[in-house]
Amino acid sequence: MSSNKLHVNRIHLHFLLKQMIRIRRFEERCVTLYNEEKIRGFLHLYNGEEAIAVGVMQALTAEDAVLATYREHGHALARGLSMDSVMAEMFGKASGCSGGRGGSMHLFDSSQRFYGGSAIVAGALPIAVGIALADKMLQRQAVTCCFFGDGAVAEGEFHESLNLAKLWQLPILFICENNLYAMGTALEIEHSNQKIHLKAASYGLAAQVIDGMNVIDVEAAAKLACSAIRNGAGPHFIECQTYRFRGHSMFDTQLYRNNDEVEQWKKKGPLIQLTQWLKDNHQIEPEELQAIELAVEKEIDAAVCSADAADIEPVENLLKHVYTEVSNG
Ligand SMILES: Cc1ncc(C[n+]2csc(CCOP(=O)(O)OP(=O)(O)O)c2C)c(N)n1
Ligand SMILES: [Mg+2]
């Protein structure tokens with residue numbers, strides 16, 4: 001683990017660890033709830049990738065906009081959506097952040113400028129371009145941060161979006177979560193050039209590749225990029241190398257990868273890495289770690305309890321939130 005941690009204060013390191021633990025434990029509980037059929041539909045877990053959402057979020061302000069994929073529970077929690085509202089959404093309840101209409105893949109909260117959650121691979125990129133263009137035209141001092149997977153890089157929308165973002169010098173931070181697989185398709189059988197950041201550089205974006213398992217490195221890179229963007233340097237691109245420890249979604253036989261590979265990556269997982277470093281450098285006591293785990297468990301228990309007790313939206317609301325009002329005449 002890099003020595004730059006020595007320059008980060010203890011309280012902040014504990015905060016980062018807690019955020020990653022919140023996401024990990026929240027999703028572990030979601031697995032149980034899924035098996036109990038409290039949560040239905042698709043469920044894609046961020047297990048192993050937590051350092052990216054948590055690290056990048058440290059560079060953003062409340063004015064900035066955030067977009068993510070269908071693997072976005074971590075981004076929503078790290079952005080500051082309450083666990084209650086995210087859990088209720090997982091249950092499909094009216095008190096959920098998307099009114100129970102979105103579920104796991106469509107977490108949304110415009111009050112936090114968290115614009116989803118999108119089931120379409122690469123679907124968030126053109127939306128990010130639109131949001132950043134609007135912010136620029138309205139002279140709002142905001143960065144739009146768009147998270148997406150390596151699978152998005154094979155889509156035309158990726159190339160169109162990067163091109164326009166650079167052409168119009170838009171304030172966008174593109175974060176590619178390169179976990180080596182698009183569902184069951186390995187990067188090397190999908191891409192002629194597997195150095196994703198070079199594709200971004202070819203459109204003129206400032207682009208780099210970093211260790212996405214190291215939350216401090218992620219935070220540092222995101223802060224540098226955001227500060228350049230805020231100073232008018234145009235869009236930036238960070239490829240974060242990472243790995244998902246579980247299957248693509250709840251149903252995945254994982255025949256496309258072997259167990260050794262998974263175990264090797266688990267050894268450098270973001271929680272293990274930071275916890276070990278804190279212990280080795282006498283920056284965390286066992287009781288402090290226990291207190292974090294306990295506080296997270298309580299928060300999750302409360303979120304499950306309130307989601308369970310919440311109502312589903314009444315059927316009279318069925319036609320609300322569609323583009324056109326339906327006339328009775
Ligand atoms: C436009 C589109 N094509 C195909 C799919 C089906 N699909 C769902 S997830 C996925 C793979 C995406 O991989 P990646 O972007 O690397 O994200 P990861 O799951 O690894 O986080 C595909 C092809 C989709 N949802 N949208
Ligand atoms: Mg992927």
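Q: What radius of gyration does the chain have, and what would a compact globule have?
A: This is a predicted model. The chain has a radius of gyration of 20 Å. A compact globule with 329 residues would be near 20 Å, so the two agree.

Q: And what box do the C-alpha atoms fill?
A: Roughly 65 × 50 × 40 Å, taken along the principal axes.

Q: How many of the residues count as buried?
A: Of the 329 residues, 50%.

Q: How many helices and strands are there?
A: The chain has 11 helices and 7 strands.

Q: What share of the contacts comes from residues 24 or more positions apart?
A: They account for 76% of the contacts with a separation of 6 or more.

Q: Which ones are they?
A: E50, A51, I52, A53, V54, G55, V56 and M57.

Q: How do the axes of α2 and α8 cross?
A: They come within 7 Å and cross at roughly 40 degrees. Helix α8 spans residues 215–230. That angle makes α2 oblique to α8.

Q: Left-handed or right-handed crossing?
A: Right-handed, as α2 passes α8.

Q: Which residues meet there?
A: From α2, they are A51, I52, V54, G55 and V56. From α8, they are V215, V218, E219 and A222.

Q: How does that contact divide by class?
A: It has 7 nonpolar, 1 polar and 1 charged residues.

Q: Stay with I52. Buried or exposed?
A: I52 lies in helix α2. I52 counts as buried because its relative accessibility is 0%.

Q: What does I52 touch, leaving out residues up to four places away in sequence?
A: I52 touches Y46, F147, I175, E177, G212, V218, C240 and T242. Of these, V218 is also one of the α8 residues in the contact with α2.

Q: How far apart are I52 and N178?
A: In space, 11 Å, C-alpha to C-alpha. In sequence, they are 126 residues apart.

Q: New pair. At what angle do α1 and α4 pack?
A: About 25 degrees, with their axes 12 Å apart. Helix α1 is residues 10–35, and helix α4 is residues 83–90. The angle makes α1 roughly parallel to α4.

Q: Is the crossing left-handed or right-handed?
A: α1 passes α4 in a right-handed crossing.

Q: Which residues make the contact?
A: On α1, R22, F26, C30 and L33. On α4, M83, V86, M87 and M90.

Q: How many of those are nonpolar, polar or charged?
A: The contact of α1 with α4 divides into 7 nonpolar, no polar and 1 charged.

Q: Where is T32, and how far is its C-alpha from that of P235?
A: T32 is found in helix α1. Its C-alpha is separated from that of P235 by 40 Å. Along the chain, T32 and P235 are 203 residues apart.

Q: What is the relative accessible area of T32?
A: 39%, so T32 is partly exposed.

Q: And A295, where does that sit?
A: In helix α11, residues 286–309. A295 is partly exposed, with a relative accessible area of 31%. The C-alpha atoms of A295 and A186 are separated by 38 Å. Those two residues are 109 apart along the chain.

Q: Now backbone angles. What is phi of R113?
A: Near 50 degrees. That is a positive value in a residue other than glycine.

Q: Where is R113, and is it buried or exposed?
A: R113 is in the loop between α4 and α5, with α5 being residues 124–137. R113 is buried, because its relative accessible area is 13% and the cut-off for buried is under 20%.

Q: What about phi of Q254?
A: Q254 is not a glycine, yet its phi is positive, about 55 degrees.

Q: Which loop is Q254 in?
A: The loop between β7 (236–241) and α9 (259–267). Q254 is partly exposed, with a relative accessible area of 25%.

Key:
Residues numbered from 1 in each chain as written. Chains lettered and ligands numbered in written order. Predicted model: local features only at pLDDT ≥ 70, side-chain atom pairs only at ≥ 80, totals over all residues. Heavy atoms only, no water. Axes fitted to C-alpha atoms, helices over the stretch in contact; angles between N-to-C directions. Helix = DSSP H or I, 4+ residues; strand = E, 2+ residues; numbered from the N terminus. Parallel < 35°, antiparallel > 145°, perpendicular 65-115°, else oblique. Left-handed = near helix turned anticlockwise from the far one by under 90°. Contact = heavy atoms within 4.5 Å. Nonpolar A, V, L, I, M, F, W, Y, C, P; charged D, E, K, R; others polar. Rg over C-alpha atoms; globule rule 2.2 N^0.38 Å. Buried < 20%, exposed > 50% of the residue type's maximum accessible area, 1.4 Å probe, protein only.
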